[in-house]
Every structure is written in structure tokens, then in C-alpha cells.
Amino acid sequence: MKVFDQLESRRAWAPEEQAILDAVRRVCDDVVAPNAAGFDKAGQFPWANVEALNRLGLNGIFVPEACGGNPTRFKLYLEVVKAISQACASTGVIYATTFHGMKPLIEFGSEEQKRRLLPRIAAGGLGSLAITEPSAGSDATGMKTRFTPHGDHIVVDGGKTFITSGDVAELLLVFGKWSEIDDARGSISALILEKGTPGFSVGRLEDKMGLRASSTAAINFDKVRVPRANLLGNPGDGLKILLASLNRSRPSIAAHALGIATAAFKDMTAYMNTRRQSGRRIAEFQANQFLLADLASEFALCEAWLDHVADLVDGGEDDFALAASIAKLRASDLAMRMATEAVQMHGGYGYIRDYRVERLMRDAKITQIWEGTNQVHRQLIGRSFVER
Ligand SMILES: Cc1cc2nc3c(=O)[nH]c(=O)nc-3n(C[C@H](O)[C@H](O)[C@H](O)COP(=O)(O)OP(=O)(O)OC[C@H]3O[C@@H](n4cnc5c(N)ncnc54)[C@H](O)[C@@H]3O)c2cc1C
């Protein structure tokens, strides 16, 4: 693992950042990882993990100080997502989803909105990001949820599907179309919906292949009256907010994928160094060493690239959308391949639920699908080279 240790040492965490990471890793080792298999098997929301992380005040690392937080570098946030996801991918995505939903409020919200809404997130409340609809997935501009202004309120009608933490979130960032604007893209707007608002309901919770401890909800809006004070920016600002929020959530999803890949690589190499066949450890067979070489090389490059993206963000660079796409694409393809090969290297035992690699393979698949499918990312990256 020397090459990875070298990468880690180059991150040069400040003492207070290192203290946060050490505390997170301790909670992951003591609570999150030991709970992961049980929550996965029961398909149960991992409240014990969420509460253990909340005791560290972990949402505070991305909430402004004036709202109860203690913000740090984006690079540290990504490392935290990796650490949690390595221990339990479900808990990792629950934590990351709060960031995905609330970062646009932090970036585009007014001071009044932030001071009113964010303290409950700093205190450990969950956030959610609601974009996808049954007929609007990869092309979010096809969304049908409608925002109709009515005095001091906005009436929300419609519904969203596949919303991570949609049933448990304190605050949901919801995208919809402003009724008074007649333009498919220009009408998209964003508002914060608070838990318990009348007319909001959960239609169903999905029964999933992986990430079985995180909840994925279909949610409905039936004449939900949201205070106009919860609109982010102006009517029609939604597409700008949506694209900016995806730029931040894609590196975060890359970190989630790399957490899964790390767990798979560790389990695979540990098993290969103990399992013996034909009188040798299976790591000693050259064919398997070639596999390790390919996976470790891709892993190192993905880690280094994500560090690069984090440096762009922490350095105040605005134009990092393609770098974020590349990180999401490669890290998620690696997570899927790493987990699949980890199962393969465990032979028959890899297919049995007693071994973690079986769960990792189920958890990895979604990383290639959400936050823009990898087909969409290939299209975005490829299109950038077409001269106009
Ligand atoms: C567990 C889970 C959690 C999720 N969490 C959230 C969440 O918190 N918030 C949220 O808003 N959404 C969430 N999603 C939704 C997720 O982001 C979408 O499923 C994803 O964007 C794909 O949309 P879709 O499922 O409608 O597939 P579609 O868009 O219908 O795509 C189907 C297939 O067509 C391909 N395709 C589509 N368009 C193109 C194109 N232009 N070029 C080439 N191929 C294309 C896709 O790559 C895919 O292979 C979640 C989904 C799941 C399963």
C-alpha cells in the first residue's frame, strides 16, 4: 500500500483537519463498519451510524460559521465521504446527500434563508436533493413539478422519484417549473421544502439491489404551500443552481465510489494473501498480479485526479465541471470493476453473503447510474472537444 500512503501524506492535512479525520475513522471502525452488514441485511435505515457521526458534529464541516458550522476545505469533506463509504456505503451516501441538497442553499441562499434554515443541518438534520421524476431522469429539463406563486406562498404540485433520504430529511431542495414562465429550461426554479409541510407525502420506499440501508423515496406534492421566503434566488434561476449543485455533488459521488473501491481492494488483497491453492497463495499467481497491477494503477490515478478536482474547488476555480465529470466517471467505473474482481478473487466465497465483497458489488453499481449516468458523462466529456 506504499503508493497509496504516499498519496495520503501529500494531502498534508492541517492538525485540526487530521483531528477530524482521525475522529471520523475511529467512529467508522467502532460503529459504522460493524453495523453495516446488519443494516444492509435488514434493509433498515442506519440511524445508529448517523447519530454516531452527528455526535462529531460532522455536518458542520460544510455549514457556514454564522449558521452553526465550522467549514473546512472541500478536500477534507471528500476524504470524510470516502472514509464513511468505505465503512458503509449506505451511511456514506446519506451523509453526502445532506451536502448535495444543502450546498446550493449555502451558495445561492440569502443570509436570512441560511440563518433560518441551516442551524438544524449543523445540528445533524438530514438534507435531500429532489430533481428526478418518473419521466425526467437523464434529461432533468423534462420535469413536470409545478411551482405556482400565490401571495406570500408558492403552491407546489407534482412528485419526484428515487429521492435519497426523501422520507427522513429535515430539508429538501426541490426543483420545479415556475408556472408564469413559458420556457422548458428558463422556468426551472428551486426552493427549500421543510419536513412536515402539509400536502407533502411519501408514496413508496424502493426495494433496492444495493445501498439497502439508505432510503430511496417516491415523494408527492399535493398543493404544498411553501413560503415564498424559501425560494432560492429568483423564479427561473433553477437550472443555474442545478448545474452548480451537480458540479459539487459529482466529486462527492466519486469519493463515495472510491470509498467502496478501497474496501474492495483491501478485502481482495487480504484474501489473496491468505487463500492457498496448488500449494501457493493466490496472490502469487502472475495472472492475479496483473489484475492487481491494473486495479491499483487505476485506483491511484483516480485518487490523484480527485485531489486535483478538490484543489480546483478549494482554489476558487469556477470552471471545474469537466474535471468533476471525469472524476465521477472513472471512480464509479473503477468501483464497479474493483468490487466485481474482488468477488472473483474470493471464488465461490465471494458469492456468499458472509463476505463483505458481495455487498460491495451490489453497492458499487449505483455509482455508475446516479448523478448523471456514465453514458451521459462520456457524452459531456466527449462533446467538449467538438469545435463549434
Ligand atoms: C438508489 C438511487 C438513488 C437516487 N437518488 C437520487 C436523489 O437523491 N435525487 C435525485 O434527484 N435523483 C436520484 N436518483 C435518480 C438518478 O439520478 C437517475 O436514476 C439517473 O439520473 C438516471 O435517470 P433514469 O433512471 O430516469 O434513467 P434514464 O435517463 O431513463 O436512462 C436510461 C438509460 O438511457 C441512457 N441514456 C439516457 N439519456 C442518454 C443520452 N443522452 N445519451 C446516451 N444514453 C442515454 C442512460 O445512460 C441509461 O443507461 C437516484 C436513483 C437511484 C436508483
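At what angle do helix α9 and helix α10 pack, and how far apart are their axes? In this predicted model, α9 (residues 286-314) and α10 (residues 321-345) pack at about 155°, with 10 Å between their axes.

**The α9 and α10 pair**
- Angles over 145 degrees count as roughly antiparallel, so that's how α9 sits relative to α10.
- The crossing of these two helices, α9 and α10, is left-handed.
- On the α9 side, the residues that meet α10 include L291, F299, W305 and L312.
- On the α10 side, A323, I326, L334 and M338 are among those that meet α9.
- Sorted by class, the contact of α9 with α10 has 16 nonpolar residues, five charged ones and one polar one.

**Nonpolar cores**
- The largest nonpolar core has 98 residues, and F62, Y77, V80, Y95, F175, M268 and M338 are the ones with the most contacts inside it.
- Helix α8 (residues 238-272) gives this core its largest share, 17 residues.
- Another core, of 18 residues, lies apart from it, with I163, V174, L191 and F200 among its members.
- Leaving out residues up to four places away in sequence, Y95 touches L58, N59, I61, F62, Y77, V80, V81 and I84.

**A look at C88**
- You'll find C88 in the loop between α4 (74-87) and α5 (89-108).
- C88 has a relative accessible area of 3%, so it counts as buried.
- Setting aside neighbours within four places in sequence, C88 is in contact with V32, A36 and N49.
- C88 and T164 are 76 residues apart in sequence and 15 Å apart in space, C-alpha to C-alpha.

Definitions and conventions
Residues numbered from 1 in each chain as written. Predicted model: local features only at pLDDT ≥ 70, side-chain atom pairs only at ≥ 80, totals over all residues. Heavy atoms only, no water. Helix = DSSP H or I, 4+ residues; strand = E, 2+ residues; numbered from the N terminus. Buried < 20%, exposed > 50% of the residue type's maximum accessible area, 1.4 Å probe, protein only. Contact = heavy atoms within 4.5 Å. Axes fitted to C-alpha atoms, helices over the stretch in contact; angles between N-to-C directions. Parallel < 35°, antiparallel > 145°, perpendicular 65-115°, else oblique. Left-handed = near helix turned anticlockwise from the far one by under 90°. Nonpolar A, V, L, I, M, F, W, Y, C, P; charged D, E, K, R; others polar. Core = buried A, V, L, I, M, F, W, Y, C linked by side-chain atoms within 4.5 Å.
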